Amino acid sequence: MRYSIEGDTFPVVICVMEDGEAMLSEGGAMSWMSSNMKMETISNGKTGKVLGRMLSGEGLFLNRYTATNGKGTIAYASSFPGCIRAFEVSPEKEVIAQRSAFLASTPDVEMSVFFQKRLSTGVFGGEGFIMQRLSGNGTVFLEFDGYVKEYELAQGEQMVVDTGYLAAMTAGCKMEIEAVKGMKNKFLGGEGLFNTVITGPGHIWLQSMPISRTARVISRYLPTTSKD
């Protein structure tokens, strides 16, 4: 399989596959494809894995697209201003990503739910509580919101991130929730009560435009309806 990621604000990944090669994606993710691509809806796993995908923000079923009678082309476009990144996943290179980041992958990539171990992370971590674990072997395409900045964290090195800005991290990173220090900072600073602290070693991807925060900002300018 060969691919190219094209476009700026609204990118698209275009995959060209040999006869018999396949891609998996969520329902509705396909943007266009050649006429020789065969679609099949599958659960792609046992009940536990299917429910795990649902908890991680994805659907119960996936669509499998297979090239038949020669080379085939299929494209997946982003659903929000941002970027598409390709990851080569292996048992030594698992990736933990934000909910709903999955766009498409080769068939041998496995997607499951990733829970933070500490209760405090689950209670106060917001979007960071339940994330997606991408494992197995193959290529996966993830969709991030806005511009993405990458950092390589050394052993014990930390990055403090506001909730929602963590797009993905390698499995070696640890994530904890830390209360903002100082009563004045908590209640007058406007940055919330908690921050996410990521500790290395590992690689992290931070996004500049979390869709959840963008939705909250837009909602301030939407007209309110009242019942007569």
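Predicted model: local features only at pLDDT ≥ 70, side-chain atom pairs only at ≥ 80, totals over all residues.
**Entry 1. Strand 2 and its partners**

I began with strand 2, residues 12-17. I looked up how many of its residues are buried, and found five of the six, so this strand is largely enclosed by the rest of the structure. I then looked for its partners. Strand 1, residues 2-6, pairs with strand 2 in the antiparallel sense, over five bridges. Within that pairing I noted Ser4, whose bridge partner in strand 2 is Ile14.

**Entry 2. Strand 6 and its partners**

Next I took strand 6, residues 62-67. Five of its six residues are buried, so it too is largely enclosed by the rest of the structure. Strand 3, residues 22-26, runs antiparallel to strand 6 and is joined to it by five bridges. One bridge I looked up in this pairing sets Ser25 against Asn63 of strand 6. Strand 5, residues 37-42, is also antiparallel to strand 6, with six bridges joining them. From that pairing I recorded Met37, whose bridge partner in strand 6 is Ala67.

I also checked Gly28, which sits in the loop between strand 3 and strand 4. Is Gly28 buried or exposed? Its relative accessibility is 75%, so it counts as exposed. The C-alpha atoms of Gly28 and Leu62 are 9.8 Å apart, while the two residues are 34 residues apart along the chain.

I looked up an open sheet of three strands, which has the order 15-18-17 and antiparallel pairing. Strand 15 (158-161) and strand 17 (174-179) stand at the edges with a single partner strand each, so one side of each has no neighbour in the sheet. On average, neighbouring strands of this sheet are turned by 30° against each other, direction ignored. Strand 17 is joined to strand 18, residues 194-199, by six bridges, and the two run antiparallel. In this pairing Ala179 has Phe194 of strand 18 as its bridge partner.

**Entry 3. Cysteines**

I searched for disulfides and found zero. Cys83 counts as buried because its relative accessibility is 14%, under the 20% cut-off. Cys173 is at 6%, so it counts as buried as well.

**Entry 4. Salt bridges**

How many salt bridges does the structure hold? The count is three.

Glu18 and Lys71 meet through their side chains at 3.9 Å, N to O. Glu18 is in the loop between strand 2 and strand 3, and Lys71 is in the loop between strand 6 and strand 7, so the pair ties together parts 53 residues apart in sequence. Glu18 is partly exposed at 39%, whereas Lys71 is exposed at 52%.

Arg85 forms a salt bridge with Glu150, with the closest N and O atoms 2.5 Å apart. Arg85 belongs to strand 8 and Glu150 to strand 14, and the two are 65 residues apart. I noted relative accessibility of 24% for Arg85 and 34% for Glu150, and each counts as partly exposed.

Glu94 pairs with Arg133 in a salt bridge, the closest N and O atoms being 2.7 Å apart. Glu94 lies in the loop between strand 8 and strand 9, and Arg133 lies in strand 12, so this pair ties together parts 39 residues apart in sequence. Glu94 is partly exposed at 22%, and Arg133 is partly exposed at 23%.

Notes
Residues numbered from 1 in each chain as written. Heavy atoms only, no water. Buried < 20%, exposed > 50% of the residue type's maximum accessible area, 1.4 Å probe, protein only. Helix = DSSP H or I, 4+ residues; strand = E, 2+ residues; numbered from the N terminus. Pairing = 2+ DSSP bridges. Disulfide = S-S within 2.5 Å. Axes fitted to C-alpha atoms, helices over the stretch in contact; angles between N-to-C directions. Salt bridge = Lys/Arg side-chain N within 4 Å of Asp/Glu carboxyl O.
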